[in-house]
Amino acid sequence: MTAPTQELRPSRADGHEPAVRLDAVSKVYGRDLLALDRVSLSVDKGEFVCLLGASGCGKSTMLNLVAGLDRPTAGEIDTKGGRIAMMFQEPALFPWLTVSANIELALRVKSSTRSTTKKERRERATELLEIVHLGGFGAKRPHELSGGMRQRVALARALAQDADVLLMDEPFGALDAMTRDLLHDELERIWRERELSVLFVTHNVREAVRLGDRVVLLSSRPGTVIEEFPITLPRPRRTDSGEVAELASTITARLREEVLRHAKPAKRPVGAGAEHG
Ligand code: ADP
Ligand code: MG
């Protein structure tokens, strides 16, 4: 059950309305480093899409382009005028500000067109901290929190921007498995409640299967979409469940094939050499 990769899904006709659409997007760095090669992909409204690929295949490049932090060399990106928030592997909080002030700052930036009072922002920050289960931690400084708690603050800050689309670049990659599990649950709940569209980058296959409505596999550099896997397992899923493991191993096999193909481009058929990794 694989969708054609280079084809865009028609909008609306079949009930799908894209929130983000990439059309034949390429990115060249410098003179000739082709990072992305004609990537076409759409994320529907309310859809959770996981982007999976080996390190260096252009995943971060893709998110940066969608976020508007950089421009594609060719192709088009349409974010349908939606508000975009981004979350990185490192929470990047201001260490000298309290947790609450870090979020209030995002609220102030967001509301630059409409003036909000300090009190309103403080109250909103408190609400957001409660959403990510950090009620009562507003007065702490980032260094007083664990890695998982800091990532929750970063999530609250992303939510402060009232985004329609959440771009997440390996946001839980540095966390231990148990903390990651908790954050998966919380992210799933928030995604549902707020009807967010999420583009979530990871190189962790199980994480992709745990979270995604669809897992999109990118080739090694230059990144291009090689396969899409719709994930229809009922939610909430458990990362350590048999069904997740089974699907993950199918996807891993496909990913490994791609990495091997890339590592040995000359002549040797896939599977002829020693297996590793
Ligand atoms: P991923 O996130 O999948 O690991 P990246 O998008 O970070 O991959 O990088 C894709 C390729 O583009 C890599 O070869 C990387 O070295 C290169 N690259 C990324 N950002 C830049 C940049 N700003 N300037 C030059 N090369 C870059
Ligand atoms: Mg990256």
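Which backbone has a polar atom 2.7 Å from an oxygen atom of ligand 1? It is the backbone of Gly-56, in what is a predicted model.

Residues are numbered from 1 along each chain as its sequence is written, while chains are lettered from A and ligands numbered from 1 in the order in which they are written. In this predicted model, local features need pLDDT of at least 70, side-chain atom pairs count only at pLDDT 80 or more, and totals for chains, interfaces and linings use all residues; side-chain values use heavy atoms, leaving out hydrogens and water.

Now let us look around the ligand. Side chains also make polar contacts (pairs of N or O atoms within 3.5 Å): a polar side-chain atom of Ser-60 sits 2.8 Å from an oxygen atom of ligand 1, and for an N or O atom in the side chain of Thr-61 the distance to a ligand 1 oxygen is 2.6 Å. On its own, ligand 1 exposes 560 Å², and the protein buries 60% of that (accessible areas by the Shrake-Rupley method with a 1.4 Å probe).

The elements giving two or more residues to the shell are β2 (33-44) and α1 (59-67), with α1 supplying the largest share, three residues. Helices here are DSSP runs of H or I with at least four residues, and strands are E runs of at least two, numbered from the N terminus.

Finally, how far to trust the model? The chain averages a pLDDT (the predictor's confidence in each residue, from 0 to 100) of 88, and 88% of the residues score at least 70. Over residues 1-12, however, the pLDDT is below 50.

Methods: Polar contact = N/O pair within 3.5 Å; in protein donor to acceptor, adjacent residues only side chain to side chain. Contact = heavy atoms within 4.5 Å.
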